Amino acid sequence: MTCAETRTRLVDPESAQQGGHAPVVTHLQECAGCREAARAYAEIERLLKAGSGDTPRDLDVRIHRRLISAVERPTAPRPPAPSRLPIVGLVAAGAAIAAGAGYLLLRGPAPSSRTAVAPAPATVAAPLLSDGSGLLDSPVTEQERAIVGGLRDVDFLGSLEALAGLDPFFQADLASGPMYGPALPTPLPLPSPTPLSPEALADKVLAFRRLPKASQDRLVALNRAFAAYPADQQRTLEGRWSRVSALGPEEAAGARRLGVRLRSLEPDERARVTSEIRQLRTLPAEQRIARWRSLPFSSRLTGQERAAAEKLLAAAD
Amino acid sequence: MPESMHDADSGDLLLVAANDPLALERLLGRWRDLLYAFFERAHEPSGAIDLTAETFVRLRASAGRFDPSVAFPVWLWRIAAQVLSEAPPPPVTSVPAARLRESAAARTALVRASVAGLPPSAAAALLLTRIARLTVAETAQVLDAPPSEVRRLLVDAMDRLAGALEPLLELPASLPPVTPPVPPPLPPPLPADGTGSRTS
């Protein structure tokens, strides 16, 4: 074994598991230069692993600030056609809004999302609120109160695409209005978000002020556009949001991924999978899961996605 | 279906492409500290934070192009390696040997400067295998190079570091254990007149 081969073995982290050390040992016994290199390499490994200590406390805050500042200025949302599926016009608009990390602070009391997915880590929100930026120095105006107080939950708006993708799991047809079975909680009539306490509104205004102007405009436009849709279509989406949110954080995330995955299928495949899932819904509840697991589409999902799908199927009327 | 499709990180990156804010938060939570450690070995903490943040910005921007057939770690570390290679190197640090003995911060600064002074691909190979704990094969995927080239880069990195860190490598790895000094045997008492000689 040559010096080069020996050193190649010495620097390979997997070398220890590979066996065949005898030639390396033999070479080291004979070569003082490689013995010296081996000692130096070991010491370098120790220095590298040591690092400098703990992760800085402001790491999270600075990453989020950078993410916010990196949000590109989005284009103005196109007014959606009222007679068409509401999702189409909203998804693109919601995308740009959700892209800003400021949404974390704007998670609001979307009425049908009381059991929503786990909130953002407090460590994200708290430092932003207390960084002395002075954003709260100016009082909340009536206009801000009207605009920000009426905003819907950004998580809900950001989930519209996923909710639309879950169509096969719900009997409701967006064109004909929702149908709710006994296991599905009927959403309350929710023409506007629940009024906030003064403190909650102040927090929400602060979060809103922190968003880039383009995101503020887009959020307002999106909220206004969603509010303009027929009430039954709003209720359909809010009902789905309620069902998905109630699954729990992990499975709710799985359901959202599942919805996105369904929407990303090629049209032919999506039609086939949709048909298969809808057929499952005609089976007795005790047979649905076993049949679902036998579908090729099911085998391609993650554990979270499968669990979410099974819960939705089990609860289907 | 590729194994990566069953990976939570891959799934979350697909959701990031669909502007799912919670998915980005989950990725941040899982990868933030390791990414910071990766950059912190070559840059001082504030710079390392900036590079970590830049990696997440690019990760988010790349989500729409994410190919689920590529393992998520390969995707992520490819971005991180690119960010590392583009970062301006920190100023060259010259630390007197005496200061190295006294100050852990000085030793850390010297290690950082030495790693940052490596050729970019060698630094990336070293940090990917030592800090990100990728295998040589995975590192080869990240760097788009054959494994043999990665091993060559690692030897190059180690040899260069051995030279740059020479004053540090000569120091003892750690201080000797602190033990109470053993007193020498007491000499026999002197004769009362003080003329006796000490003999052992």
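## Where the chains meet

Two residues are in contact when heavy atoms lie within 4.5 Å, and in this predicted model 51 residues of chain B are in contact with 53 residues of chain A. The two chains bury about 4600 Å² between them, with 64% of this on carbon and sulfur atoms; buried area is the accessible area (1.4 Å probe) that two parts lose on being put together, summed over both.

Residues are numbered from 1 along each chain as its sequence is written, while chains are lettered from A and ligands numbered from 1 in the order in which they are written. Local features need pLDDT of at least 70, side-chain atom pairs count only at pLDDT 80 or more, and totals for chains, interfaces and linings use all residues, whereas side-chain values use heavy atoms, with hydrogens and water left out.

One salt bridge joins A:Glu45 to B:Arg130, whose closest N and O atoms are 2.6 Å apart.

The elements giving two or more residues to the side of chain B that touches chain A include helix H1 (8-17), helix H2 (21-40) and helix H7 (120-130) of chain B, and H2(B) gives the most, with 10 residues. Helices (H or I, at least four residues) are DSSP runs, numbered from the N terminus.

## Pairs within each chain

In chain A, the side chains of A:Glu36 and A:Arg39 form a salt bridge at 3.0 Å, N to O. These two residues are separated by about one helical turn, because they stand three residues apart in helix H4 (residues 32-50) of chain A.

The structure holds seven aromatic pairs over all chains, a pair being rings of Phe, Tyr and Trp (its six-membered ring) with centres within 6.5 Å, where planes under 30 degrees apart count as stacked, over 60 as edge-to-face and the rest as tilted. The rings of B:Trp31 and B:Phe72 have centres 5.5 Å apart and planes at 50 degrees, so this pair is tilted.

## Confidence in the model

The predictor's confidence in each residue, from 0 to 100, is called pLDDT, and chain B averages 80, with 80% of the residues scoring at least 70. Over residues 173-200 of chain B, however, the pLDDT is below 50.

For chain A the mean pLDDT is 69, and 65% of its residues reach 70 or more. Where pLDDT is low, the predicted coordinates should not be read in detail.

Terms used. A salt bridge is a side-chain nitrogen of Lys or Arg within 4 Å of a carboxyl oxygen of Asp or Glu.
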